[in-house]
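Thanks for making the time this morning.

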Amino acid sequence: MKLIILGPPGSGKGTISERLVKDFNLLHVSIGDLLRKEAKKNTALGKEISGYINKGNLVPHHMAVKIAKKAIKNKKNFLFDGFPRSIDQAKEIENEGIDLALYVSVPEKEVIKRLSGRLLDPVTGKTYHLKYLPPPKNILKRLVHRKDDTPKVIKERFKVYHQETEPVIKYYQKKGILQTINGVGKTEEVYNRVKMIVKKLK
Ligand code: AMP
């Protein structure tokens with residue numbers, strides 16, 4: 001099973017992906033997570049990556065594609081989370097035989113609310129929200145806000161999303177493999193909508 005999950009920043013892609021990969025035994029390929037891991041290293045490449053992420057820009061095409069292709073090499077079951085984020089990236093994986101692209105649809109007002117209360121666990125890379133997805137109390141102290149979850153950077157991420165990533169939704173629609181999911185509601189409800197669709201593929 002080869003899946004892609006698309007949606008605006010804060011739509012719940014990461015949270016849905018974590019559950020999907022467990023339930024369907026898929027490799028979780030989150031380009032954002034892989035980039036954040038690299039950015040943590042005090043190397044020239046790490047610093048370059050931080051520069052893009054912290055401004056809300058996409059990393060250069062060749063860099064994202066290289067990471068994505070390396071991660072799925074010879075793999076038959078995976079979930080791409082946050083890739084492709086542009087038509088050019090989508091074309092790079094045209095021959096991979098993607099079965100399904102899930103588009104999590106959430107109004108912009110709602111995602112902005114979610115992003116401002118979002119917390120990241122730097123140890124596991126998991127994302128929480130004080131109101132919508134409360135973290136276990138014992139890890140509360142170590143949670144941090146993502147540097148790209150500030151109002152200024154959020155604005156830039158949305159600009160990039162509208163310009164670069166939204167066309168990818170139409171691209172998969174034309175290919176006939178897009179399924180749109182209403183991403184508004186309780187985590188459990190949204191996940192069940194997704195699960196029902198993915199189950200049909202099996
Ligand atoms: P995410 O965790 O998916 O919100 O991604 C965080 C940041 O990583 C994005 O704002 C980009 O700077 C970078 N990034 C993630 N995925 C890609 C991609 N497919 N292409 C380019 N940059 C990416």
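Predicted model: local features only at pLDDT ≥ 70, side-chain atom pairs only at ≥ 80, totals over all residues.

Let me begin with Asn25, which sits in the loop between α1 (13-24) and β2 (27-30); helices here are DSSP runs of H or I with at least four residues, strands are runs of E with at least two, and both are numbered from the N terminus. Residues are numbered from 1 along each chain as its sequence is written, and side-chain values use heavy atoms, with hydrogens and water left out.

Asn25 has a positive phi of about 55° although it is not a glycine. Most residues other than glycine have a negative phi, and most peptide bonds are trans. Is Asn25 buried or exposed? Asn25 counts as exposed because its relative accessible area is 66%, where buried means under 20%, exposed over 50% and partly exposed in between, with a 1.4 Å probe and protein chains only. Asn74, in the loop between α4 and β3, also calls for a look, since phi of Asn74 is near 60°, a positive value in a residue other than glycine, and Asn74 is exposed at 75% relative accessible area. In the loop between β3 (78-81) and α5 (87-92) you will find Pro84, and the bond joining Phe83 and Pro84 is a cis peptide bond with omega of about 0°.

Now to the ligand. Which residues are closest to the ligand? Of the 15 residues that surround the ligand, the closest are Arg36, Asn57, Gly82, Arg85 and Gln89, a residue being near if one of its heavy atoms lies within 4 Å. A polar side-chain atom of Arg36 lies 2.9 Å from an oxygen atom of the ligand, and a polar side-chain atom of Arg85 lies 2.9 Å from a nitrogen atom of the ligand. An N or O atom in the side chain of Arg146 is 3.0 Å from an oxygen atom of the ligand. Taken alone, the ligand exposes 480 Å², and the protein buries 95% of that, by the Shrake-Rupley method with a 1.4 Å probe. Helix α2 (residues 31-40) gives the largest share of the shell around the ligand, four residues.

Staying with Arg146, its place is in the loop between β6 and α7, and Arg146 is buried, with a relative accessible area of 14%. The side chain of Arg146 also makes a polar contact with the side chain of Asp148, at 2.9 Å; a polar contact is a pair of N or O atoms within 3.5 Å, and within protein one must be able to donate a hydrogen and the other to accept it, with residues adjacent in sequence counting only if both atoms are side-chain atoms. Lys131 lies in the loop between β6 (127-129) and α7 (151-175) too, but Lys131 counts as exposed, at 63% relative accessibility. Lys131 and Arg114 are 17 residues apart in sequence and 8.8 Å apart in space, C-alpha to C-alpha.
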